[in-house]
Amino acid sequence: MVTGVEERSIEIKLKTFGPQENSGPVFLVVNACCSRDVRENVVGVCFVGQDLTAQKLVIEKYTHMQGDYAGIVRNPSTLIPPIFMTNENGQCIEWNYAMQKFSGVKREEAVDKMLLGEVFTVNSFGCRVKDNDTLTKLRILLNGVIAGQDAEKLLFGFFDQQGKYVEALLSANKRTDAEGRITGVLCFLHVASPELQYALQVQRISEQAAAKSLNKLKYVHQEVRKTSNGIMLMQNLMGNSDLSKEQRKLLKTSILCREQLNNIINDTDIESIEEGYMELKSVEFNLGETLEVVIKQAMTLSQERQVEIIRDLPSTLSSMHLYGDNLRLQQVLSDFLTNALLFTPAFEGSSIAFRVIPRKERIGTKMHIVHLEFRISHPTPGIPEDLIQEMFHHSHGASREGLGLYISQKLVKIMNGTVQYLKEAERSSFIILIEFPLVNQTEIS
């Protein structure tokens with residue numbers, strides 16, 4: 001300096017003493033200039049300094065963090081998930097070892113490329129996604145994060161370099177600088193274990209099979225509806241013709257059977273029955289007509305198995321009008337009656353008994369409730385124990401009869417009723433208890 005050469009931006013590290021001794025060194029950036037006399041001789045030195053201690057500490061901390069970041073993200077350990085990053089312009093700036101291994105695309109092939117269109121594409125290069133829809137979902141996710149929104153996880157899949165379709169859960173998080181400004185997006189993939197991937201594949205195959213079965217079921221429903229519409233047309237034509245009293249009674253039974261069939265076809269939401277929130281209809285109906293329909297539905301099976309159905313029905317039932325869902329009542333009673341027939345030994349004189357016990361109760365001054373006990377009794381051994389268990393406890397491996405009994409039991413419960421199966425020494429019985437509001441003041445003995 002005394003030679004006249006001035007220096008600029010010289011970093012000086014000063015040791016601290018006294019009360020500041022534990023605070024660490026002080027960093028200064030100094031500019032030095034000469035003081036001269038009238039003859040231009042150097043007679044002194046002037047120092048102008050700026051304290052950069054705080055900035056220096058931040059830089060050192062950032063450098064340390066950058067080292068830690070590189071050590072973690074680029075670590076080949078299997079504990080590090082697949083990670084990739086973009087800057088605010090959508091350019092890929094990181095593609096770690098795990099991502100290379102997962103996708104088959106090398107880091108140098110991905111970094112500095114546009115993430116959407118050059119790294120993830122719908123073409124034959126890079127990581128090929130299924131379709132433009134997948135690419136659009138990823139674009140929306142990244143743009144949302146850049147805009148400062150909290151992003152939900154995205155189920156993301158693409159084809160690796162060997163053409164294998166891989167799928168993972170993608171999480172996207174914003175990257176910020178020291179001032180809090182968003183500078184890009186950090187993404188990492190939650191990759192399922194081989195066991196979980198196999199389970200997901202099995203689940204996907206099962207869902208596809210279920211969807212195919214559902215389509216077949218829809219086809220069957222459609223065809224049955226068309227047939228039902230034809231039956232309805234013929235019934236309407238018959239109803240407009242000159243029929244005797246007995247013929248009109250038979251026509252009414254036929255119409256109620258068709259309406260019950262349509263009701264069952266429309267039961268696409270089985271869950272509503274299982275969970276007990278299905279809505280029931282409330283219409284006025286004749287109990288005698290409903291019971292006649294139930295008996296008629298079981299007659300063919302009764303004749304085939306040569307098992308007689310013995311009715312024990314009070315005469316007052318034929319003129320008893322109630323409020324409720326008569327079609328659901330038909331459905332459950334016919335199902336219980338049919339199962340009793342199926343599991344009744346066929347021998348000469350074999351029979352089952354269908355008995356109804358009504359009891360009227362006054363509610364207030366005008367309203368009456370009819371408590372009905374339906375008892376379907378048949379000889380032992382009766383319904384198998386495993387089938388009774390299926391009636392009260394749903395199982396995915398349930399038999400056809402078990403599923404029918406389970407649905408019927410649930411429907412009775414929705415109607416605020418109960419079902420029991422009572423086993424005795426020589427006979428077993430379905431006991432169904434349901435109550436309905438009475439329309440008129442029919443006398444019940």
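Of the 445 residues in the chain, 35% count as buried, a label given to residues under 20% relative accessible area, while exposed means over 50% and partly exposed lies in between (1.4 Å probe, protein chains only). The model is a predicted one, in which local features need pLDDT of at least 70 and side-chain atom pairs count only at pLDDT 80 or more, whereas totals for chains, interfaces and linings use all residues. Residues are numbered from 1 along each chain as its sequence is written, and side-chain values use heavy atoms, with hydrogens and water left out.

The secondary structure comprises 11 helices and 17 strands; these are DSSP runs numbered from the N terminus, with helices (H or I) having at least four residues and strands (E) at least two. Contact here means heavy atoms within 4.5 Å. Among the contacts in the chain with a separation of 6 or more, 57% come from residues 24 or more positions apart.

Along the chain Leu186 and Thr86 are 100 residues apart, and their C-alpha atoms are separated by 6.8 Å. When neighbours within four places in sequence are left aside, Leu186 is in contact with Ile83, Phe84, Met85, Ser171, Ala172, Asn173 and Arg175.

Aromatic rings come next. A search of the whole structure finds 11 aromatic pairs. Rings of Phe, Tyr and Trp (its six-membered ring) pair if their centres lie within 6.5 Å; planes under 30 degrees apart count as stacked, over 60 as edge-to-face and the rest as tilted. The ring centres of Phe336 and Phe430 are 5.0 Å apart and the planes lie at 35 degrees, so this pair is tilted. Because Phe336 lies in helix H9 (residues 326–342) and Phe430 in strand S17 (residues 427–437), the pair ties together parts that are 94 residues apart in sequence. Both Phe336 and Phe430 are buried. Elsewhere, one aromatic cluster is formed by Phe84, Trp95, Phe102, Phe120, Phe156 and Phe158.

Charged groups also meet rings. A charge sits over a ring if NZ of Lys or CZ of Arg is within 6 Å of the ring centre and within 35 degrees of the ring normal. The charged end of Arg128 sits over the ring of Phe159, 4.3 Å from its centre, and that of Lys130 sits over the ring of Tyr165, 4.8 Å from its centre.

Helices H10 and H11 have axes that come within 7 Å and cross at roughly 40 degrees. In this crossing, Leu387, Glu390, Met391 and Phe392 of H10 meet Glu401, Gly402, Leu405, Tyr406 and Gln409 of H11.

The backbone holds a few details worth a look. Most residues other than glycine have a negative phi, and most peptide bonds are trans. A cis peptide bond, with omega of about 10 degrees, joins Thr380 and Pro381; Pro381 is placed in the loop between strand S15 (367–379) and helix H10 (385–392). Asp112, although not a glycine, has a positive phi of about 75 degrees. Asp112 lies in the loop between helix H3 (107–110) and strand S6 (120–121) and is exposed, with a relative accessible area of 55%. Asn416, also not a glycine, has a positive phi of about 60 degrees. The loop between helix H11 (400–414) and strand S16 (418–423) contains Asn416, which is exposed, with a relative accessible area of 68%.

Notes
Axes are lines fitted to C-alpha atoms, for helices over the stretch in contact, and angles run from 0 to 180 degrees between N-to-C directions.
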